[in-house]
Amino acid sequence: MEQYAAWKALLVAGEPTTAWQKFYVFFYQAFLENDRWQQYLSGVGTTLLVTLFALLLGVVLGVLVAIIRTAHDQQRPGKHNPVLGFVNGIMKVYVTVIRGTPMMVQLLIMGFVIFASSRDYVTVGALTLGINSGAYTAEIIRGGLMSVDQGQMEAGRSLGLNYIDTMRFIIVPQAVKAILPALGNEFIVLLKDTSLISVIGGKELLYAARGVVSRTYEAMYPYIGTAIIYLILVMMFTWLLGIFERRLRASDRR
Amino acid sequence: MIAVKDLKKNFEGLEVLKGVDLEVKKGECVVFIGPSGSGKSTFLRCLNLLEVPTSGEIIFDGVSMTDPGTDIDKMRQRMGMVFQHFNLFPNMTILKNLTLAPIRTKHLTKAQAEQKAMELLKRVGLEDKAGGYPAQLSGGQKQRVAIVRALCMDPEVMLFDEPTSALDPEMVGEVLDVMRELANSGMTMVCVTHEMGFAREVADRVLFLEDGKILEEGTPEQIFGNPQQARTKEFLNKVL
């Protein structure tokens with residue numbers, strides 16, 4: 001503490017300082033002064049919470065949209081269900097609108113137009129991210145479902161299993177294995193995109209870093225620190241995904 | 001047991017089946033032969049409605065398969081099918097492959113299904129593979145498992161769609177042995193195959209399909225020994 005004050009005074013006065021002294025002052029100022037690390041920590045907490053919520057919402061929406069769209073496309077010729085056709089239309093509009101507009105614009109509209117009166121920016125942000133992620137996840141899952149050999153569906157149905165059981169026990173497990181890398185990619189993008197909710201006032205990691213920058217007039221350490229924290233989070237995520245993928249590959253043993 | 005009346009099937013304007021009639025009695029083994037593209041597989045796939053016929057009627061055990069009110073899943077539980085490419089479920093162990101359908105359709109309890117699966121696996125000599133995955137099996141073993149998978153549902157009819165066409169020549173015999181044993185045990189069978197030796201030996205009736213129509217039918221002796229149609233003779237000369 002005294003060390004920091006003394007070296008800070010040297011820097012402010014323009015006296016010559018060593019690289020170590022500079023590093024110490026800026027690092028202390030960015031992360032330790034006034035217990036600022038707590039702001040980053042609570043920011044990381046929010047980031048993870050938003051990611052988790054958006055992930056769950058995205059997966060639920062994605063699975064729902066993908067299954068409805070696949071079921072619609074796989075109807076027997078001549079046996080078209082009008083309700084399914086209508087719902088399928090809505091799903092298509094959803095995917096088109098979400099994929100066709102920037103994430104940032106969606107956040108601003110949700111935060112300042114649709115939920116303009118809400119003060120709960122984090123929830124609004126998580127909701128927006130989840131809805132956004134759902135559209136991408138839906139297309140990834142749909143691709144996975146379509147990539148499973150048609151013979152698998154035929155074999156399941158020929159045994160007398162109904163469509164839902166065949167999907168649940170045969171098609172979906174194989175699709176999940178095939179799409180895991182793409183899904184992991186989407187989850188990583190989602191984790192990093194949580195930084196965007198700072199534009200509507202969501203107090204996540206980047207919001208904390210920006211607060212520190214505006215108080216200390218020093219950008220390098222808070223932002224690089226933030227980048228390193230995101231990197232570590234993503235690496236942990238990738239590691240977990242790798243474990244999961246290896247477990248799913250059990251049936252490839254020869 | 002199965003009655004097919006004037007079955008027609010179009011694929012986007014292409015007429016694949018041009019009116020096929022067939023009557024299969026209980027315990028009979030009927031074999032379809034014919035050139036590729038003649039509609040053999042399509043016909044077989046129409047029998048359990050994997051392909052929806054354009055017109056015509058299929059009656060299985062007194063119930064119309066083509067009637068929209070029929071519970072097709074219930075009917076399919078009574079008809080086993082074996083595919084050219086096995087279509088085992090790669091994400092499950094062999095035992096799970098065999099017991100999934102009987103358990104899910106409440107045909108058998110888990111314990112009964114597993115017991116039955118092991119008994120049948122033993123019959124085809126694969127009981128030691130129960131815990132393995134399909135990727136660990138050879139083609140012939142996969143097809144034997146696929147036959148067992150269908151048998152686990154205690155079907156009344158078995159449909160075979162070119163079951164040996166995707167196999168190494170060495171492995172054809174082991175699959176045909178299982179089919180032969182099945183036919184001898186009195187199973188009703190409808191087969192599409194290029195194995196003329198099998199057709200001659202096992203079939204009760206051979207049908208020659210050409211261009212979406214049954215051109216000639218009869219006992220194996222009639223078809224292979226004394227074919228009436230010039231086209232049948234030509235085909236048999238080429239393949240035998």
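**View 1. A two-bridge pairing at β4 and β5 of chain B.** Strand β4 of chain B, residues 55-60, pairs with β5(B) in the antiparallel sense, over two bridges. Look for B:Phe60 here: its opposite number in β5(B) is B:Val63. Keep in mind that this is a predicted model.

**View 2. The four-stranded sheet of chain B.** Zoom out from that pair and you get an open sheet of four strands, ordered β2-β1-β4-β5 in chain B, with antiparallel pairing. β2 (14-24) and β5 (63-64) of chain B each have a single partner strand, so they stand at the edges with one side left without a neighbour in the sheet. Helix α1 of chain B, residues 40-47, lies across β1 (2-11), β2 and β4 of chain B. Its run makes an angle of about 120° to β1(B).

**View 3. The six-stranded sheet of chain B.** This one is also an open sheet, with six strands in the order β6-β7-β8-β3-β9-β10 of chain B and mixed pairing. At the edges sit β6 and β10 (213-218) of chain B, each pairing on one side only. On average, neighbouring strands of this sheet are turned by 20° against each other, direction ignored.

**View 4. The β6 end of that sheet, with two helices.** β6(B) and strand β7 of chain B (residues 157-161) run parallel and are joined by four bridges. Within this pair, B:Val82 stands opposite B:Phe160 of β7(B). α5(B) lies across β6 and β7 of chain B, at about 170° to β6(B). Helix α6 of chain B, residues 169-184, lies across β7 and β8 (188-192) of chain B, at about 145° to β8(B).

**View 5. Where chain B meets chain A.** Chain B puts 28 residues into the contact and chain A puts in 23 residues. About 2400 Å² is buried between the two chains, with carbon and sulfur atoms giving 57% of that area. There are seven residue pairs in polar contact across the interface of chain B and chain A, counting pairs with both residues at pLDDT 80 or more. On the side of chain B that touches chain A, the elements giving two or more residues are α2 (72-76), β6 (79-82), α3 (94-104) and α5 (139-151) of chain B. By class, that side of chain B has 17 nonpolar, six polar and five charged residues.

**View 6. A salt bridge between the chains.** Three salt bridges are found across the interface of chain B and chain A. One salt bridge joins the side chains of A:Asp165 and B:Arg104, at 3.1 Å from N to O.

Methods: Residues are numbered from 1 along each chain as its sequence is written. Chains are lettered from A and ligands numbered from 1 in the order in which they are written. This is a predicted model: local features need pLDDT of at least 70, side-chain atom pairs count only at pLDDT 80 or more; totals for chains, interfaces and linings use all residues. Side-chain values use heavy atoms; hydrogens and water are left out. Contact means heavy atoms within 4.5 Å. Buried area is the accessible area (1.4 Å probe) that two parts lose on being put together, summed over both. A salt bridge is a side-chain nitrogen of Lys or Arg within 4 Å of a carboxyl oxygen of Asp or Glu. A polar contact is a pair of N or O atoms within 3.5 Å; within protein, one must be able to donate a hydrogen and the other to accept it, and residues adjacent in sequence count only if both atoms are side-chain atoms. Ala, Val, Leu, Ile, Met, Phe, Trp, Tyr, Cys and Pro count as nonpolar, Asp, Glu, Lys and Arg as charged, and the others, Gly among them, as polar. Two strands pair if DSSP finds at least two bridges between them. Axes are lines fitted to C-alpha atoms, for helices over the stretch in contact, and angles run from 0 to 180 degrees between N-to-C directions.
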